[in-house]
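Subject: Structure handover

Dear colleague,

Please find the structure below, followed by my notes on what was found in it. The notes can be read alongside the coordinates.

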Amino acid sequence: MMPFDPTWFTVSSILLWVLAMLFFVFSKRSKLIAFTSHTLFLSGIAVLSLFAVLLWQELGRAPLRTLGETRLWYALFLSLIGYATYLRWNYRWVFYYSGMMAVLFLGINLASPENYDKTLMPALQSVWFVPHVIVYIFAYAILAVSALVAIKGLFTEYFRKDEDWSTQLADNMVYLGLGFLTLGLLFGALWGKEAWGHYWTWDPKETWAFLTWIGYMGYIHFRYHKPAKVVPAMWILALAFVVLLICWFGVNYLPSAANSVHSYTS
Amino acid sequence: MRSKKKRATWVSPWGYTEGWLFALGLLITGLALQLATGGLESNTLAWPINLFIGLGFTGLIAGSWIFLRKNSLVSWLARVPAAISSIALVTFLVLLMGFTLQEDAQNPVWVQKLGLSNMTSSWPFLLGMAFFMASLGMATMKRLTPFKGRNIGFILNHAGLYILVLGGLLGSADLQRYTMELHEGEIVWYAGNEKGQQIEMPIALELQSFNMEEFNPKLAVIEPNSGRIVEETIPEMFEVDTGNRSNIYGYDVEIIRFMEMSGKVQERYEPTNSFGSAPSALVKVTSEDGTTTEGWISSGSFMMPHSLLDLDHKYGYALAMTIPQSSHYSSDVVIYTASGQEREARIEVNHPVKVEGWKLYQYSYDERFGRWSPSSVIEVIRDPWLPVVYTGIFMVMFGSVYLMTLGKAPKKENGEKL
């Protein structure tokens, strides 16, 4: 019953991004190709942003409730962050990887179409809802880039020993991402006090959010103390992202989460 | 690179080896204590014992930093190896917790004996947190003395986290969390705790009315025997409202009339707002071959059965109306305090009401009756340590903004090589 078709927007963004990445491969050959690539990529972001705005208006609530809705924002933020990272630091591979991850996440949404509905359970109707989730998704998208640096670093370390690489992008992304992650966690605590009566109850989602947070804390402390030991640091970073993914998606499947108050998707 | 000279364990300065051994020792001690005593009672540390423990622990850390900072243990606790080994110990314990259903009697006996199913009140967790806090506290002291302006971000994060966690751990012993079950017109001044004991409250509540608003129900195709929604039609489900029209399972369905509250009169539904009324809709269904049928559907209520409209004779599928979900619910109550005050208030989800140090939350209602619930459950919570915890939360919030600025500008030559 939506006045517009979500599939149309999703497919358009995917196509625009894929084309942008194809053009990007040859972008060094001419300014025109580079310009086309950038235009296509930004158009993909614009189409998805438009969709997010329309969806928000149509539903009359922030489209941040279901996993599918969070994937939409994730794709949007990841493409934005990837593009900004490329512009700022000129890492070409970040452009590809964030683009591909964004396409992947939209692809999941395409494969399992949702029934977007207006219902929003009373516990979610709070001024904290939007800041809590947006800040979290933003942190997740930034930390995804740091995980990519870690995987690329480990790959280089084990298989391409001669290549030179640096962890600086990972460090920068973790500082930024952990900052947002902490804000998201604390916003959640303040909201929890208003909605459920306590700021921290060790609900399974909270337990895994804590694990995610402390994992990145461990990374920062280790990097600070042993900046030369890059390989263990990259392992911490890659594993922390696995914990992050469990927190985001996996918790719903864990038996320990049978009584979680954080499942809104059913 | 530092030289890789071998250093004997337990010789100053301590490093990671000591950290892992320390963590392992605490873990074994904790498990032994757990097996011997069977865990901790959370309210044994109630006021004022928790205050003394908090001051004593903090005093001990501050004192040892000021007077004994040359000591191997003290100087080690203030440095990163202790931070990382304590983080690892806490992470390990919380990871176990993340995989074990907490506070559940279904867990195997050995899991319960080791305290894994009541992690936050177990000895290993307590000792792990003590290690974590000692390291955190000592690191804070190290940067605090002498105070330098450029350490402000570090201090906000570390001292803030220390205050937040200490307040949370110690405060949990003073947290009072009860529920009051209210029935319309009755004054209730007793609350129940999680063990089912009755506690006399300094405030009394009288329920005047329980209110609920609902979202419109949705149109679904179901398998009538099981009541299951037909999987492939889920993306096609749509909101039931007068005039809405869409395709579902190959049928064109138009909602001719929707009533939020109605009652069945022979084969029709008529509007009514009497107790137990249910939503219903008159729908017009056109199949692909152009045949049209009209009929009523209703999600029913505790008093009325639901109504379906048969669709597909091959599989026996039928058109149904989902049970509406609540959009808001609240309780209008009169609050009486021990000091003789009386006031009316509305307690709504996400909008608790404060009364004399207590916060009142809309907790639940009798779900069998839905919007017609004659009772409402209010949760009453007192958490005197909240200001301490919030102080920590706001310090860490500012600290996390500082953290975001730590990224360094890239070196030019790295550009493409990474």
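Strand E8 (residues 251–265) of chain B and strand E10 (residues 278–286) of chain B form an antiparallel pair with eight bridges. Strands here are DSSP runs of E with at least two residues, helices are runs of H or I with at least four residues, and both are numbered from the N terminus. Two strands count as paired if DSSP finds at least two bridges between them. Within E10(B), B:Lys284 is the bridge partner of B:Glu254.

This is a predicted model, in which local features need pLDDT of at least 70 and side-chain atom pairs count only at pLDDT 80 or more, while totals for chains, interfaces and linings use all residues. Residues are numbered from 1 along each chain as its sequence is written, and chains are lettered from A and ligands numbered from 1 in the order in which they are written.

Other strand pairs in chain B

E8(B) also pairs with strand E7 (residues 245–248) of chain B, in the antiparallel sense and over four bridges. In this pair B:Asn247 is opposite B:Asp252 of E8(B). The hairpin of E7(B) and E8(B) has two residues between the strands, and B:Tyr249 has a positive phi near 55° there.

Strand E9 (residues 268–271) of chain B is another antiparallel partner of E8(B), with four bridges. Here B:Pro271 of E9(B) stands opposite B:Ser262. The hairpin of E8(B) and E9(B) has two residues between the strands. B:Gln266, in the loop between E8 and E9 of chain B, has phi near 50°, a positive value in a residue other than glycine.

E14(B) and strand E15 (residues 342–348) of chain B are paired in the antiparallel sense over seven bridges. B:Val334 faces B:Glu344 in E15(B) as its opposite residue. Four residues lie between the strands of this hairpin, where B:Gly340 takes a positive phi near 95°.

Cis peptide bonds in chain B

B:Trp47 and B:Pro48 are joined by a cis peptide bond with omega of about 0°. B:Pro48 is in the loop between helix H1 (16–37) and helix H2 (49–68) of chain B. The bond from B:Thr145 to B:Pro146 is also cis, with omega near -5°. The loop that holds B:Pro146 runs between helix H6 (123–144) and helix H7 (152–171) of chain B.

Domains of chain B

The assignment divides chain B into domain 1 (16–175 + 388–406), domain 2 (176–213 + 327–382) and domain 3 (216–324); such bounds come from an automatic or database domain assignment. Between domain 2 of chain B and domain 3 of chain B, the C-alpha centres are 36 Å apart. Four residues of domain 2 of chain B contact four residues of domain 3 of chain B, a contact being two residues whose C-beta atoms, placed from the backbone, lie within 7 Å. The domain 2 side of that contact has two nonpolar, one polar and one charged residues. In these classes Ala, Val, Leu, Ile, Met, Phe, Trp, Tyr, Cys and Pro are nonpolar, Asp, Glu, Lys and Arg are charged, and the others, Gly among them, are polar.

Contact between the chains

In chain B, 56 residues are in contact with 55 residues of chain A. Elements that give two or more residues to the chain B side include helix H4 (80–99), strand E14 (326–337) and helix H8 (386–404) of chain B. H4(B) gives the largest share, eleven residues. By class, the chain B side has 31 nonpolar, 17 polar and eight charged residues.

Helix packing in chain A

Helix H7 (residues 204–225) of chain A packs on helix H8 (residues 230–248) of chain A at an angle of about 165°, with the axes 9 Å apart. Axes are lines fitted to C-alpha atoms, for helices over the stretch in contact, and angles run from 0 to 180 degrees between N-to-C directions. H7(A) and H8(A) are therefore roughly antiparallel to each other; angles under 35 degrees count as roughly parallel, over 145 as roughly antiparallel, 65 to 115 as roughly perpendicular and the rest as oblique. The contact of H7(A) with H8(A) has 15 nonpolar, three polar and two charged residues.

Helix H6 (residues 168–196) of chain A packs on H7(A) at about 145°, with the axes 10 Å apart. Its contact with H7(A) has nine nonpolar, two polar and two charged residues.

Regards
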